[in-house]
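Colleague: Hi! Could you walk me through how the helices pack in this one?
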Amino acid sequence: MINVRGNDIDFSNEVDSDPFDTVVNPEPLWNVVSALRSGKYKQGRRQLRNSANEYCILGVFGDVCNKIYGSSIDLDGLTIRALPHICHQFQLKESIVLSFAAYNDSKELSFEKAADLIEFYLTTRGKNGTPR
């Protein structure tokens with residue numbers, strides 16, 4: 001359990017002690033933090049993007065991949081198809097990406113909380129990806 005800005009978030013069952021230890025270049029994740037806080041995305045559940053143009057957290061990850069990095073993730077497709085691309089682009093373990101999806105769908109993780117969580121890990125790490 002970690003406490004980020006007054007919010008308890010428990011990833012202990014889903015991830016290792018450092019879920020971001022595979023991140024070498026944090027820049028793509030900072031773009032996700034900005035996108036999650038931008039107010040441009042309405043939060044949805046269980047789909048990357050639904051017919052009401054609502055996004056789950058992974059949909060925001062996918063949209064950032066498409067817009068900034070020129071990926072071709074089908075946001076109207078299945079999450080399982082987007083998963084390898086998201087893991088690769090953001091250098092994240094599948095377990096952390098699936099945890100984001102699960103917490104999003106259970107309504108336990110707002111976009112703001114997700115941004116806080118990512119920021120927490122990025123700001124407690126050195127530039128070369130090692131913990132500070």
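Predicted model: local features only at pLDDT ≥ 70, side-chain atom pairs only at ≥ 80, totals over all residues.

Colleague: Thanks! At what angle do H3 and H4 pack?

Modeller: The angle is about 120°, and the axes of helix H3 (residues 79-90) and helix H4 (residues 94-105) are 10 Å apart. At that angle, H3 counts as oblique to H4.

Colleague: Which residues of H3 and H4 meet there?

Modeller: From H3 you have Leu-83, Ile-86 and Cys-87, and they meet Glu-94, Val-97 and Leu-98 of H4. Sorted by class, that contact has 5 nonpolar residues, 1 charged residue and no polar ones.

Colleague: Staying with H4, which of its residues are buried?

Modeller: Ile-96, Val-97, Ser-99, Phe-100, Ala-101, Tyr-103 and Asn-104 are buried in H4.

Colleague: And what do the buried residues of H4 pack against?

Modeller: Their partners are strand S3 (42-43), H2, H3 and helix H5 (111-123).

Colleague: How far apart are the end C-alpha atoms of H4?

Modeller: They are 17 Å apart, which agrees with the 16 Å that the 12 residues of H4 should span at 1.5 Å a residue.

Colleague: What is phi like at Lys-107?

Modeller: Lys-107, which follows H4, has a positive phi, near 65°.

Colleague: Switching topic: how do the axes of H1 and H2 cross?

Modeller: They cross at roughly 115°, and the axes of helix H1 (residues 27-37) and H2 come within 10 Å. The crossing of H1 and H2 is right-handed.

Colleague: Which residues make that contact?

Modeller: On the H1 side they are Glu-27, Pro-28, Leu-29, Asn-31, Val-32, Ala-35 and Leu-36, while H2 brings Val-60, Phe-61, Val-64, Ile-68 and Tyr-69. By class, the contact of H1 with H2 has 10 nonpolar residues, 1 polar and 1 charged.

Colleague: One more residue, then. Is Gly-62 buried or exposed?

Modeller: Gly-62 is buried, because its relative accessible area is 0%, and a residue counts as buried under 20%. Gly-62 is found in helix H2 (residues 57-69).

Colleague: What is Gly-62 in contact with, leaving aside neighbours within four places in sequence?

Modeller: Gly-62 is in contact with Ile-73, Leu-75 and Ile-86.

Conventions: Residues numbered from 1 in each chain as written. Heavy atoms only, no water. Helix = DSSP H or I, 4+ residues; strand = E, 2+ residues; numbered from the N terminus. Buried < 20%, exposed > 50% of the residue type's maximum accessible area, 1.4 Å probe, protein only. Contact = heavy atoms within 4.5 Å. Axes fitted to C-alpha atoms, helices over the stretch in contact; angles between N-to-C directions. Parallel < 35°, antiparallel > 145°, perpendicular 65-115°, else oblique. Nonpolar A, V, L, I, M, F, W, Y, C, P; charged D, E, K, R; others polar. Expected span 1.5 Å × (residues − 1). Left-handed = near helix turned anticlockwise from the far one by under 90°.
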